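Student: I have a structure to read and several terms to sort out. Can we go through them together?
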Amino acid sequence: MISKYYWNCWLAAIFVLFHFSTGFYLPGLAPVTYCSSKDDSAKNSKCKTHIPIFVNRLDSMESILPYDYSSFDFCQAEDVRYPVENLGQVVFGERIQSSPYNLSFNDGVKCINVCQKTYKKGDKESIRKLNFIKKQVKKNYQQHWIIDNMPVTWCYDVDESDKKYCAPGFPVGCYVTEKGVGKDACVTSELFKSKDTYYVFNHVDLVIGYHEVKANELGTSITGSGYRLVSAKLTPKSVQHKGKGPSACENPKAMAIPSTLDDVLTINYTYSVTFIERSDVRWSSRWDYILDSMPHTNIQWFSIMNSLVIVLFLSGMVAMIMLRTLHKDIARYNQMDNSEDAQEEFGWKLVHGDVFRPPRKGMLLSVFLGNGIQIFFMTLITLLFACLGFLSPANRGALMTCVLVLYVCLGTPAGYVSARIYKSLGGERWKSNVLLTALLCPGVIFGIFFFLNMILWIESSSAAIPFGTLVALLALWFGISVPLAFVGAYFGFKKRPIEQPVRTNQIPRQIPDQSIYTKALPGIVMGGVLPFGCIFVQLFFILNSIWSHQMYYMFGFIFLVFVILVLTCSEATVLLCYFHLCAENYHWWWRAFLTSGFTAVYLFIYSIHYFVYKLEISGVASTMLYFGYTLILVFLFFLLTGSIGFFSCFWFVRKIYSVVKRTKEINDLHGGYI
């Protein structure tokens with residue numbers, strides 16, 4: 001019965017995954033072939049001549065509140081179409097819709113007028129729309145266009161080097177302060193010089209690169225020549241148009257919006273398109289020019305090497321303890337023939353009768369461990385899929401969809417591990433254990449998430465998750481994750497408790513006075529330093545991808561860093577656990593979890609540093625959103641690293657005490673058996 005229900009839950013989860021992943025796209029499997037409308041063979045062919053342009057939400061590095069394209073008073077398509085979005089896109093706040101820009105393949109045009117917007121003094125609605133644009137221009141909001149599932153990039157020079165950086169977005173406009181200082185994109189031209197003035201980028205020059213495909217590669221459905229798009233770049237311009245036609249965009253005067261509207265203001269939105277053949281670029285590598293423009297690859301390798309040095313150092317320390325100190329201690333301990341020899345011993349060998357004494361708050365510890373294992377396998381499987389290319393930037397929302405579905409489907413190992421540990425600690429309230437495992441940690445995350453979503457609703461942001469999606473998330477939680485956790489707990493409680501290698505004494509041993517280095521708090525604080533040192537460089541790029549809207553694509557690097565994190569957390573916790581046992585302190589259960597879990601505290605401190613010195617976020621709502629999402633990340637990281645450290649220490653303690661000879665005389669000396 002349980003097994004049948006278990007498989008039914010998995011099938012339901014797979015169905016939800018496919019339902020929310022409609023339109024899932026793998027690079028190299030779904031290329032779109034275009035033909036020129038001027039080509040006679042295109043009439044009888046299935047290749048496309050029209051190139052649709054889609055627009056996504058607008059965001060800014062100075063605010064965490066994204067907005068729909070329709071929230072701005074820009075040109076709108078007559079028949080707005082919304083492509084199907086998967087669960088990850090909705091959760092991330094992506095809102096893709098069709099645009100009024102019409103392109104035909106290989107049909108270059110110049111200064112095509114899209115629409116005209118007029119703002120009148122005294123018209124409240126006009127003033128409201130104009131003030132909204134000015135407010136977002138001041139915060140440097142960026143537009144994001146999509147052509148052929150590829151971001152339209154704005155490539156510009158970085159510093160004084162010859163290398164160009166291609167950003168997957170372009171600004172709405174720029175602002176010149178009252179002191180005449182140009183902000184953001186206003187530094188790119190001398191035209192932006194009027195004080196306390198807003199400039200809107202109302203014209204774009206599009207340059208689309210294409211690659212000709214050979215006839216034998218097109219298939220039988222397409223006749224004649226076929227072409228595939230390999231790049232889409234634009235240059236935003238601010239133009240005060242004069243007249244109509246191609247010459248209207250040649251006016252050197254910029255489109256300025258004064259801080260106070262004294263008269264009628266008219267803004268024309270136009271575009272020009274140029275097609276160029278790029279025979280040197282294949283369709284399968286068309287993202288390379290975007291990814292290659294992002295620097296820091298050398299820094300990534302430096303980070304990896306730095307982390308490997310730390311791992312080698314810790315591995316050497318652990319090897320020295322295991323092969324030399326422990327080997328000699330165990331050999332001498334097993335050669336003792338009488339109690340007088342035993343009385344001369346000291347350190348970790350004296351606490352063998354108390355080392356497996358159940359800790360306080362064993363219920364909470366087992367719940368944290370179950371959820372930590374769930375997050376560990378979720379992270380591991382997600383990174384494996386990402387390294388295989390299934391979660392590349394071309395698959396919009398695939399990363400978040402994968403994370404959510406895996407988290408839901410891995411409720412079984414969470415319930416199993418929590419129940420097994422809790423039963424081994426002598427716990428009997430199995431109902432409370434399984435309920436807390438299924439509801440406590442996910443409830444904390446969902447509670448924070450719901451509070452942040454309320455802020456987004458109040459601010460009318462596009463990142464606010466619709467009510468229907470919230471219901472879907474709750475259905476995934478209570479309909480799949482919770483039952484799977486019950487299934488795992490059933491099998492966990494059905495198994496016999498973990499048999500410990502030594503028996504526990506009836507009377508607890510008194511712990512001697514501890515030095516400053518072997519006390520709980522200093523050891524926990526020191527334990528998180530080395531794991532954090534292995535990841536902090538990579539952490540910078542991850543935070544950049546989240547808050548600075550940069551693409552993160554080097555999943556091979558992050559997988560290596562994850563492996564290094566696991567090794568570092570394990571070895572640092574084992575080392576400190578050994579030192580504490582040598583000080584005759586057998587309270588290692590919670591200490592092992594908190595030692596590596598304290599890495600999350602350093603993550604939170606670094607996030608504060610990143611917020612203060614790297615970001616320019618302003619406003620109460622954006623600040624609350626930043627620290628709210630950071631708290632979710634820190635909590636998940638705490639459960640992950642804490643569980644890694646605990647199970648490493650658990651294995652270590654069982655290993656060293658399993659080879660200790662347990663003679664009746666020595667156990668009687670320490671108070672007898674239970």
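Tutor: Start with contacts, meaning heavy atoms within 4.5 Å. Among contacts in the protein between residues at least 6 apart in sequence, 79% join residues at least 24 apart. This is a predicted model, where local features need pLDDT of at least 70, side-chain atom pairs count only at pLDDT 80 or more, and totals for chains, interfaces and linings use all residues. Residues are numbered from 1 along each chain as its sequence is written, and side-chain values use heavy atoms, with hydrogens and water left out.

Student: What makes a stretch count as a helix or a strand?
Tutor: Both are DSSP runs, numbered from the N terminus: helices are H or I with at least four residues, strands are E with at least two. The protein has 18 helices and 17 strands.

Student: How do you know how α10 runs relative to α11?
Tutor: Two packed helices are described by the angle between their axes and the distance between the axes. Axes are lines fitted to C-alpha atoms, for helices over the stretch in contact, and angles run from 0 to 180 degrees between N-to-C directions. The axes of α10 (residues 430-458) and α11 (residues 467-494) come within 9 Å and cross at roughly 165°. Therefore α10 is roughly antiparallel to α11, a word kept for angles over 145 degrees.

Student: How do you know whether the span of α14 agrees with its number of residues?
Tutor: The expected span is 1.5 Å times one less than the number of residues. For the 28 residues of α14 (residues 555-582) that gives 40 Å, and the end C-alpha atoms are 40 Å apart, so the two agree.

Student: What makes α7 largely enclosed?
Tutor: In α7, 19 of the 26 residues are buried, so the rest of the structure largely encloses this helix. α14 is mostly covered too, with 21 of its 28 residues buried.

How values were computed. Buried means under 20% relative accessible area, exposed over 50%, partly exposed in between (1.4 Å probe, protein chains only). Angles under 35 degrees count as roughly parallel, over 145 as roughly antiparallel, 65 to 115 as roughly perpendicular and the rest as oblique.
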